[in-house]
Amino acid sequence: MQGVAIDIFMRTATAFALVVLLVPASLPLTHRLGLFDLPGGRKQHAEPTSYIGGLFILFAVAVSFLAFDRQTTPAASSFLVCSALLAVVGRIARSTMGRRA
């Protein structure tokens, strides 16, 4: 049981560390490419917000899965594929809504 707790902690710590490093490092790229959401209308945020932070979170979770599994399980593979599809669908929906508004 203790081994499982350590494994979960290490996966979580790895994903967290990657997010802490990658998201702030991505902000210049976000601004250069214009990948941020502007406030106004139905949006609740007061300042421009990066679109790509969620992708870096997905990347960090995928890396932590793959770094600690010698062999990826079907459940882990399904989780990662579904998460990636959800990110793609969310991005398509966001860009479609932005065009209509």
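User: Why does Arg11 count as buried?

Analyst: In this predicted model, Arg11 has a relative accessibility of 17%. Buried means under 20%, so Arg11 counts as buried. The residue is found in helix H1.

User: Which residues does Arg11 touch, not counting residues up to four places away in sequence?

Analyst: Arg11 touches Ser64, Phe65, Phe68 and Asp69. Contact here means heavy atoms within 4.5 Å.

User: What makes the pair of Arg11 and Asp7 a salt bridge?

Analyst: The closest N and O atoms of Arg11 and Asp7 are 3.0 Å apart. A salt bridge needs a side-chain nitrogen of Lys or Arg within 4 Å of a carboxyl oxygen of Asp or Glu. The pair therefore forms a salt bridge. Side chains of opposite charge can pair when their charged atoms come close.

User: How many salt bridges does the structure hold?

Analyst: The structure holds one salt bridge.

User: Why is the link between the side chains of Arg11 and Asp7 called a polar contact as well?

Analyst: The side chains are joined at 3.0 Å. A polar contact is a pair of N or O atoms within 3.5 Å, where one must be able to donate a hydrogen and the other to accept it. The value of 3.0 Å is within that cut-off, so the link is a polar contact.

User: Why are Arg11 and Asp7 separated by about one helical turn?

Analyst: Arg11 and Asp7 are four residues apart in helix H1, and this is why about one helical turn separates them. Helix H1 covers residues 2–33.

User: What makes Asp7 partly exposed?

Analyst: Asp7 has a relative accessibility of 28%. Under 20% would be buried and over 50% exposed, with partly exposed in between. Asp7 therefore counts as partly exposed.

User: How far apart are Asp7 and Phe68 in sequence and in space?

Analyst: Asp7 and Phe68 are 61 residues apart in sequence, and their C-alpha atoms are 7.9 Å apart in space.

User: Why is Ser26 called buried?

Analyst: Ser26, which lies in helix H1, has a relative accessible area of 4%. Buried means under 20%, so Ser26 is buried. Leaving aside its neighbours within four places in sequence, Ser26 is in contact with Ile52 and Phe56. The side chain of Ser26 also reaches the backbone oxygen of Val23, at 2.7 Å.

User: What makes Phe65 and Phe79 an aromatic pair, and why is the pair called tilted?

Analyst: A search of the whole structure finds one aromatic pair. Phe65 and Phe79 form an aromatic pair with 5.4 Å centre to centre and 35° between the planes.

User: Where in the chain are the two members of the pair?

Analyst: The pair links distant parts of the chain: Phe65 is in helix H2 (residues 53–68) and Phe79 is in helix H3 (residues 74–100), 14 residues apart. Phe79 has a relative accessible area of 41% and is therefore partly exposed.

User: Why does Phe9 count as exposed?

Analyst: Phe9 has 56% relative accessibility. Exposed means over 50%, so Phe9 counts as exposed. Phe9 is found in helix H1.

User: Which residues make the nonpolar surface patch of about 310 Å²?

Analyst: The patch is made by Ile6, Phe9 and Met10.

User: How do you know that Phe16 and Leu21 are exposed?

Analyst: Phe16 has 58% relative accessibility, and Leu21 has 60%. The cut-off for exposed is over 50%. Phe16 therefore counts as exposed, and so does Leu21. Phe16 lies in helix H1, and Leu21 is found in helix H1.

User: What separates the C-alpha atoms of Phe16 and Ala60, and of Leu21 and Phe56?

Analyst: Phe16 and Ala60 are 44 residues apart along the chain, with 7.5 Å between their C-alpha atoms. Leu21 and Phe56 are 35 residues apart along the chain, with their C-alpha atoms separated by 9.8 Å.

Key
Residues are numbered from 1 along each chain as its sequence is written. This is a predicted model: local features need pLDDT of at least 70, side-chain atom pairs count only at pLDDT 80 or more; totals for chains, interfaces and linings use all residues. Side-chain values use heavy atoms; hydrogens and water are left out. Buried means under 20% relative accessible area, exposed over 50%, partly exposed in between (1.4 Å probe, protein chains only). Rings of Phe, Tyr and Trp (its six-membered ring) pair if their centres lie within 6.5 Å; planes under 30 degrees apart count as stacked, over 60 as edge-to-face and the rest as tilted. Patches are made of residues with over 30% relative accessible area and no salt bridge: like charges are joined within 9 Å, nonpolar side chains (Val, Leu, Ile, Met, Phe, Trp, Tyr) within 5 Å. Accessible areas come from the Shrake-Rupley method with a 1.4 Å probe; for residues, only the protein chains shown count as cover.
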